[in-house]
Amino acid sequence: MSPALNFRQKLLLGFFALWLGFQILFPLRHLLYPGNVSWTEQGHRFAWQMKLRDKDAKATFFVRDPASGREWRVAPRRYLLRHQVREMESRPDMILQFAHHLAREWAQTHGVEGAEVRARVCASLNGRKAALLIDPDRDLARVERSLRHADWILPLQEPFARPEPRTGPLDLAC
């Protein structure tokens with residue numbers, strides 16, 4: 001018979017069990033979200049899925065002063081480097097983060113308190129026809145960043161099928 005585990009060994013075993021459980025369950029969290037994880041990106045980071053998708057997108061942001069009704073069209077390249085824009089445009093969580101940045105920026109530099117920020121993001125997943133990724137009518141400045149399901153991300157409409165071979169540049173107009 002082996003001797004009983006002492007408190008320190010039990011504590012270490014409990015910590016290891018929690019750590020192992022986290023390492024197994026955290027990469028599977030994408031199963032908790034509705035929709036295609038390659039489209040919504042919810043639960044995609046630190047998951048066990050390899051990058052088996054190609055997603056291209058183009059984003060334009062609109063900042064509106066609710067008091068005056070004045071609106072500005074904002075190109076992300078004014079604030080981000082080219083590779084940062086490419087990464088942000090196809091990832092909804094980064095789009096939301098950038099929208100929050102724009103709201104703060106407009107409050108600080110333009111004196112627009114409570115600025116509304118909307119985004120028109122057209123994306124193509126694996127060569128599909130471009131479609132809206134983000135609800136263009138949703139004020140992203142009022143959307144809380146959280147781990148809950150993001151209802152402001154529009155669902156992927158075109159089902160998985162073998163895409164037509166592309167002969168020219170990808171059309172990101174939707």
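What percentage of the 174 residues of the protein count as buried? The figure is 35%, where buried means under 20% relative accessible area, exposed means over 50% and partly exposed lies in between, with a 1.4 Å probe and protein chains only.

## Basis of the model

This is a predicted model, in which local features need pLDDT of at least 70, side-chain atom pairs count only at pLDDT 80 or more, and totals for chains, interfaces and linings use all residues. Residues are numbered from 1 along each chain as its sequence is written, and side-chain values use heavy atoms, with hydrogens and water left out.

## Overall fold

The protein has four helices and four strands. Along the sequence they follow the pattern α-α-β-β-α-α-β-β. Helices (H or I, at least four residues) and strands (E, at least two) are DSSP runs, numbered from the N terminus.

Among contacts between residues at least 6 apart in sequence, 59% join residues at least 24 apart; contact means heavy atoms within 4.5 Å.

## Nonpolar core

The largest nonpolar core has 30 residues, of which Phe61, Ile95 and Leu140 touch the most other members. Such a core is a set of buried Ala, Val, Leu, Ile, Met, Phe, Trp, Tyr and Cys residues joined through side-chain atoms within 4.5 Å. Strand E1, strand E2 (71–74), helix H4 and strand E3 (116–125) are the elements that give two or more residues to this core. H4 gives the most, with seven residues.

With neighbours within four places in sequence set aside, Leu140 is in contact with Ile95, Leu96, Ala99, His100, Val117, Ala119, Ile134 and Trp152.

## Largest pocket

The largest pocket holds about 600 Å³ of space. On a 1 Å grid over the protein atoms alone, a pocket is an open set of points where a 1.4 Å probe fits, with protein on both sides within 12 Å along at least five of seven lines; lining residues have an atom within 4 Å of a point. Grid points are joined across faces, edges and corners, and a volume is the space filled by probe spheres set on the points.

There are 27 lining residues, and Gln42, Asp93, Ser146, Leu147 and Arg148 lie nearest the centre of the pocket. Helix H4 (residues 92–109) gives the most to this lining, with five residues. The lining divides into 11 nonpolar, seven polar and nine charged residues. Here Ala, Val, Leu, Ile, Met, Phe, Trp, Tyr, Cys and Pro count as nonpolar, Asp, Glu, Lys and Arg as charged, and the others, Gly among them, as polar.

## Second largest pocket and Ser90

The second largest pocket has a volume of about 280 Å³. It is lined by 15 residues, with Lys55, Asp56, Ala57, Arg86 and Ser90 the closest to its centre. Strand E1 (55–64) and helix H3 (82–89) each supply at least two residues of this lining. The lining comprises two nonpolar, two polar and 11 charged residues.

Ser90 sits in the loop between H3 and H4. Ser90 counts as buried because its relative accessibility is 4%. Beyond its neighbours within four places in sequence, Ser90 is in contact with Glu41, Lys55, Ala57 and Leu133.

## Residues after strand E4

Ile153 is in the segment after strand E4 (131–132). The relative accessible area of Ile153 is 8%, so Ile153 is buried. Not counting residues up to four places away in sequence, Ile153 touches Thr40, Gln42, Pro92, Leu133 and Ile134. Ile153 and Gly35 are 118 residues apart in sequence and 9.8 Å apart in space, C-alpha to C-alpha.

Asp137 also lies in the segment after E4. Asp137 is exposed, with a relative accessible area of 62%. From Asp137 to Trp152 the separation is 15 residues in sequence and 9.2 Å in space, C-alpha to C-alpha.

## Asp54 and Asn126

Asp54 lies in the loop between helix H2 (37–40) and E1, and is partly exposed at a relative accessible area of 36%. Leaving aside neighbours within four places in sequence, Asp54 is in contact with Ser124, Leu125 and Asn126. Asp54 and Arg128 are 74 residues apart in sequence and 9.9 Å apart in space, C-alpha to C-alpha.

Asn126 lies in the loop between E3 and E4. Asn126 is partly exposed, with a relative accessible area of 24%. Although not a glycine, Asn126 has a positive phi of about 55°. Most residues other than glycine have a negative phi.
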